[in-house]
Amino acid sequence: MKKFLFTAAAAALVFAGCSSGSKDSENTFTVGMECDYAPFNWQTTEAGESGVSLGSGAGYCDGYDVVVSKAIADEMGKELVVKKINWDGLQPALESGEIDAIIAGMTANEEREEGIDFTTPYYGSEMAMIVKKGSEAEKFTDIQQFSGWKVIGQKNTNYDDVIDQIQGVNHVTPKAKYPELILAVQAGEADAITAELPVAKGICDANPDLTYITFDEGKGFDVDTTVSIGMKNNSRDSELFKSVQSALDKISEDQRADWMLKAVDRAPTAE
């Protein structure tokens, strides 16, 4: 899913967009996510079958991450609370105790693990690129074919960092959110966006002028595309961490795949 450590300066973003109400750690499982990264998570005005209220009239958050979070909360006998937090504010929120966990399509890596304890992965996909329909790039099967092309990724994520694996690439300044990346390609500011396959499928379903491509074996990006649940640093031996991991272990791979397919199907369209 994603992504790199955040700066301390981002702490001010923690409370922006958060749901109201105090957190009772004994009876609730409070999870932070962007609610802006379909099909993993997105904000909506209707609860549907799987949406969770963001409180204070902010609507609901839905998506694969929400379904996984709800299953874990139910297994622990707790009520799920979802807080909408900008990406750069997630780790500070975790450190401060504002949230119990980050379930936001986040990939564990060596740098990030210095400040966060991660569960085993709860989903794994592959890397894709989003391009305009009709573009020459539709036929590309090797990332090196993008040499000289303008490629963009999400700021502070693995998907921005891997762009430099393309020799001679024109690495466009990253943007904070995927809607901004989509507009960049549609406006010609960039030729391609790096994305996880489920995200690419959802974006292209919602934007008929875009399509996605994958790459031949050994010709794609060298990157870990699994995503894991992030919990407070040095909490691996805590009852909460063990309870979350135990609940996650009870979700079968078939169930996870089915949840993702359904999340892609119900993710918001361009309209």
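Me: How do the residues of the lining of the second largest pocket divide into nonpolar, polar and charged?
Reply: The model is predicted. In it, the lining of the second largest pocket has four nonpolar, three polar and five charged residues. The lining includes E46, E49, D62, K262 and R266. Asp, Glu, Lys and Arg count as charged, so these residues go into the charged group.

Me: Which elements give two or more residues to the lining of the second largest pocket?
Reply: They are β3 and α7 (253-266). The largest share, three residues, comes from α7. The space in this pocket is about 260 Å³.

Me: What is the volume of the largest pocket, and how many residues line it?
Reply: The volume is about 440 Å³, and 21 residues form the lining. D36, A38, P179, I182 and P268 lie nearest the centre of the largest pocket. The elements that give two or more residues to its lining are β2, β3, α4 (178-186) and α5 (197-206). Helix α4 supplies five residues, the largest share.

Me: How do the residues lining the largest pocket divide by type?
Reply: There are 14 nonpolar, five polar and two charged residues in that lining. Ala, Ile and Pro count as nonpolar, whereas Asp counts as charged. Among the residues nearest the centre are A38, P179, I182 and P268, together with D36.

Me: What makes the peptide bond from A38 to P39 cis?
Reply: Its omega is near 5 degrees, and the bond is cis. P39 sits in the loop between β2 (36-37) and β3 (41-44).

Me: How do you know whether C35 is buried or exposed?
Reply: The relative accessible area of C35 is 3%. The cut-off for buried is under 20%, so C35 is buried.

Me: Why is N156 called neither buried nor exposed?
Reply: N156 has a relative accessible area of 28%. Buried requires under 20% and exposed requires over 50%, so N156 falls in between and is partly exposed. N156 is in the loop between β10 (150-152) and α3 (158-161). Its phi is positive, about 60 degrees, although N156 is not a glycine.

Me: Is S235 buried or exposed, and which residues is it in contact with?
Reply: S235 has a relative accessible area of 12%. That value is under 20%, so S235 is buried. Leaving aside neighbours within four places in sequence, S235 is in contact with D117 and F241. S235 lies in the loop between β14 (226-232) and α6 (239-249).

Me: What shows how far β14 is enclosed by the rest of the structure?
Reply: Five of the seven residues of β14 are buried, so this strand is largely enclosed by the rest of the structure.

Me: How do you know that β14 pairs with β7 and with β8?
Reply: Pairing needs at least two bridges between two strands. Strand β7 (residues 101-106) has three bridges to β14, and strand β8 (residues 116-124) has six bridges to β14. Both counts meet the cut-off, so β14 pairs with β7 and with β8. The β7 and β14 strands run antiparallel, as do β8 and β14. I102 has G230 of β14 as its bridge partner, and P121 has S228 of β14.

Me: Why are β2 and β4 called edge strands?
Reply: An open sheet of four strands has the order β2-β3-β5-β4, with antiparallel pairing. In this sheet β2 and β4 (52-53) each pair on one side only, and these are the edge strands.

Me: What makes β4 and β5 a pair?
Reply: Two bridges join β4 to strand β5 (residues 60-62). The requirement is at least two, so the pair qualifies. In this antiparallel pair, V52 stands opposite C61 in β5.

How values were computed. Residues are numbered from 1 along each chain as its sequence is written. This is a predicted model: local features need pLDDT of at least 70, side-chain atom pairs count only at pLDDT 80 or more; totals for chains, interfaces and linings use all residues. Side-chain values use heavy atoms; hydrogens and water are left out. Buried means under 20% relative accessible area, exposed over 50%, partly exposed in between (1.4 Å probe, protein chains only). Contact means heavy atoms within 4.5 Å. On a 1 Å grid over the protein atoms alone, a cavity is a set of points where a 1.4 Å probe fits but cannot get out, and a pocket is an open set with protein on both sides within 12 Å along at least five of seven lines; lining residues have an atom within 4 Å of a point. Grid points are joined across faces, edges and corners, and a volume is the space filled by probe spheres set on the points.
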